[in-house]
Amino acid sequence: MQFEEKIIKTVQDAESRCRDSFAKLEQIALENQNKVLDAFRNNNVGQRHFAQTNGYGYDDIGRDTLCRVFAEVFRAESAIVSPLIVSGTHALTIALYGLLRPGDEMLAVSGAPYDTLKEVILGDGNGSLKDFGVSYRQVDLVNGAFDYDAIRNAINDKTKLVFVGRSRGYEWRDALDVREIGKIAKFVKDIKSDVIIMCDNCYGEFVDKIEPTQVGADIAVGSLIKNIGGGIAPSGGYVVGKKQYVDQVAYRLTSPSIGMEVGSYAYGYREFYQGLFLAPHVTMQAIKGSILFGEVFDSVGYKTMPRPGSDCKDIIRSIMFDTEEELIAFCRAVQKASPVDSNVTPFPWDMPGYEHQVIMAAGTFVAGASIELSADSPIKKPYIAYLQGGLTYEHVKIAAMYCLQSVLENK
Ligand SMILES: *Cc1c(COP(=O)(O)O)cnc(C)c1O
């Protein structure tokens, strides 16, 4: 791709302001890589774990070892890692259904959970948690922070599970720091010790040196086609945490009589292992790209989140545009700068599980994988593009030049 001199210069200048942030990120990646490497070594991962399995999958050592490696990485007792989980939404859903019982109450403490969970929690007549007699309460963040007083007031006899969303979702807010999640976990347990703290960890893995399970989350849930799949895992989700809770979720994933004793995968598990191994590095490539995009678009007058110079707590970059046209031009530019389906023009459309029309740019090897460079945005005011991913920093840098050029042309 070819760019005008002034575009190249804007991006180069922005990059030179990122150096300190990049150095910090490299240290985080190094520590996480070591953590992952140790988990592989401690579990004696070998070629035999990559083998294809079929049928029931009893004693599937590829599956079982993968679960153990994940558990170690998260410093958790147990994990479910499975290509049989179809997405992050599915993983979160089985976790909620596995842990909540009729008469229980779920309390969301970081505002509304991710859009696709709305029908899961509150749907009418679709087998939602509400249909099963599970009630729901929500406390919104105030200026991006937990509202401790309101949370204290919301906890009652029925409160069984407190739900925290680490990432920002489709909101103009920053993601939550893992340490803040630790604080809220302790706060809640001091009020009611048997409450389960569940964290939607999507987009958060390896952004920091620690994970929510290391600071008090009882269970953390995510997608394998985001950070932790390293761009290699072809599908799937994970649930990690306390053994008792992970077991309950396993009974929901398969059946109360079999849990994680079964489940085969005819393509073999190499990609999940290799993806996890690459994930600390790939996540940092994506965050470096996110920081660069932030500097670039800030320098030409757009608001971005997080603010330039501040730490990233998930891999997403929010960029606020003035018009729908600019937003769409931006998403289309991301698509055009992709290695796959660059000839496709994204349009806003009705997506299952989302309230507004959504435009999605994802010219990805793994369909819809948002650890690969991608952008999506509900079509609503204010016009915010949520950009994330990038398997290599170089790709994101090229895309930054192309996106800048396209948006300025559409201004
Ligand atoms: C991606 C995501 C999910 C799950 O989405 P899927 O598209 O179903 O994988 C849930 N929560 C957050 C914060 C997410 O980013």
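A: C312 is buried, with a relative accessible area of 12%; buried means under 20% relative accessible area, exposed over 50%, and partly exposed in between, with a 1.4 Å probe and protein chains only. This is a predicted model, in which local features need pLDDT of at least 70 and side-chain atom pairs count only at pLDDT 80 or more, whereas totals for chains, interfaces and linings use all residues. Residues are numbered from 1 along each chain as its sequence is written, and side-chain values use heavy atoms, leaving out hydrogens and water.

A search of the whole structure finds zero disulfides, a disulfide being a pair of cysteine sulfur atoms within 2.5 Å. C312 is in no disulfide, and the nearest cysteine sulfur, that of C18, is 9.7 Å away. C199 is likewise in no disulfide; the nearest cysteine sulfur belongs to C202, 9.2 Å away. C199 is also buried, with a relative accessible area of 1%.

Another cysteine, C67, is among the buried residues of α3. Helices (H or I, at least four residues) and strands (E, at least two) are DSSP runs, numbered from the N terminus. Helix α3 comprises residues 61-73, 13 residues in total, and reaches 18 Å from its first C-alpha to its last, close to the 18 Å expected at 1.5 Å a residue; the expected span is 1.5 Å times one less than the number of residues. The buried residues of α3 pack against α2 (19-42), β1 (78-82), β7 (237-241) and α9 (270-299), contact meaning heavy atoms within 4.5 Å. At the start of α3, a side-chain oxygen of D60 comes to within 3.1 Å of the backbone nitrogen of G62. Just after the helix, R75 takes a positive phi of about 55°.

C202, whose sulfur is the nearest cysteine sulfur to C199, is also one of the residues surrounding the ligand. Others include Y114, S167, D200, Y203 and K226, where near means that a heavy atom of the residue lies within 4 Å. Helix α4 (residues 88-99) gives the most to this shell, with three residues. An oxygen atom of the ligand is 3.2 Å from an N or O atom in the side chain of S87, and another such distance, to the side chain of T89, is 2.5 Å. From G88, a backbone N or O atom lies 2.8 Å from an oxygen atom of the ligand.

Notes: Polar contact = N/O pair within 3.5 Å; in protein donor to acceptor, adjacent residues only side chain to side chain.
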